[in-house]
Amino acid sequence: MRMAAVAAGLMLAGLSLNPAAQADEKAAVWPKDAVVYIISPKDGATVKSPVRVLFGLRGLGVAPAGVDKPKTGHHHLLIDTDLPKGDELNEPLPADEHHKHFGGGQTETTVELAPGKHTLQLLMGDANHIPHNPPLASKKITITIE
């Protein structure tokens, strides 16, 4: 009886004891029509370093890391790497040369890249730098640095 009361209280509070249900609840707060994209540079562009990267977002708000507000997140720029998969989607993104965090709510950056081809992709994360599952990511673009 006591467990039923606890479960009922959690349900009223919008919480669940089931991890899969918690993941579904988290995904449900992200608008299905939300889109993240790279405004500039354009896919296939040849540019000089440092490169100014402009972030685009539609259907979702931007909030700094640590601010847990529904229908908001913050940008991460993935450089020369792939999107996280599987269990990685349940963990905070690393902060390294391939994963740049914009937890201040920034919507643009300048990055130094070596000459040659590079890939760029935006990935939205929640207040704790955890990506949505499924991930809300831009198209991966390829640029060439002169």
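So, let's start with a question: is arginine 52 buried, exposed or partly exposed? Arginine 52 comes out as partly exposed, and the value behind that is a relative accessible area of 47%. Before I go on, please keep in mind that what you see up there is a predicted model.

Okay, let's stay with arginine 52 for a moment. Arginine 52 makes a salt bridge with glutamate 108, and their closest N and O atoms are 3.1 Å apart. That pair links distant parts of the chain, because arginine 52 sits in strand 3 and glutamate 108 sits in strand 7, 56 residues apart. And glutamate 108? Also partly exposed, at 38% relative accessible area.

Three strands make up an open sheet, in the order 1-3-7, with antiparallel pairing. Strand 1, residues 35–40, and strand 7, residues 108–111, are at the edges. Each of them has a single partner strand, so one side of each has no neighbour in the sheet. On average, and ignoring direction, neighbouring strands here are turned by 30° against each other. In general, strands of a sheet pair through backbone hydrogen bonds, parallel or antiparallel. If you want to find the pairing of strand 3 with strand 7 in the model, strand 3 covers residues 51–58, and four bridges join the two. One spot to look at is valine 51, which stands opposite valine 111 in strand 7.

Another one is between the side chains of aspartate 43 and lysine 139, at 3.0 Å from N to O. Aspartate 43 is in the loop between strand 1 and strand 2, while lysine 139 is in the loop between strand 8 and strand 9, so this pair ties together parts that are 96 residues apart in sequence. As for how open they are, aspartate 43 is partly exposed at 41% relative accessibility, and lysine 139 is exposed at 57%.

Then we have lysine 140 with aspartate 82, where the closest N and O atoms are 2.6 Å apart. Here, too, distant parts of the chain are linked: lysine 140 is in the loop between strand 8 and strand 9, aspartate 82 is in the loop between strand 5 and strand 6, and they are 58 residues apart. Lysine 140 is partly exposed at 30%, and aspartate 82 is partly exposed at 49%.

Let's move on to strand 6, which is where histidine 99 lies. Is histidine 99 buried or exposed? Histidine 99 has a relative accessible area of 13%, and buried means under 20%, so histidine 99 counts as buried. The side chain of histidine 99 has a polar contact of 2.8 Å with the side chain of aspartate 96. Beyond its neighbours within four places in sequence, histidine 99 touches Leu77, Leu78, Thr81 and Pro94.

Last stop: glycine 105, in the loop between strand 6 and strand 7. What does glycine 105 contact, leaving aside neighbours within four places in sequence? That would be Val62 and Pro64. There's also histidine 74, which is 31 residues from glycine 105 along the chain, with 5.6 Å between the two C-alpha atoms.

Definitions and conventions
Residues are numbered from 1 along each chain as its sequence is written. This is a predicted model: local features need pLDDT of at least 70, side-chain atom pairs count only at pLDDT 80 or more; totals for chains, interfaces and linings use all residues. Side-chain values use heavy atoms; hydrogens and water are left out. Two strands pair if DSSP finds at least two bridges between them. Axes are lines fitted to C-alpha atoms, for helices over the stretch in contact, and angles run from 0 to 180 degrees between N-to-C directions. Contact means heavy atoms within 4.5 Å. Buried means under 20% relative accessible area, exposed over 50%, partly exposed in between (1.4 Å probe, protein chains only). A polar contact is a pair of N or O atoms within 3.5 Å; within protein, one must be able to donate a hydrogen and the other to accept it, and residues adjacent in sequence count only if both atoms are side-chain atoms. A salt bridge is a side-chain nitrogen of Lys or Arg within 4 Å of a carboxyl oxygen of Asp or Glu.
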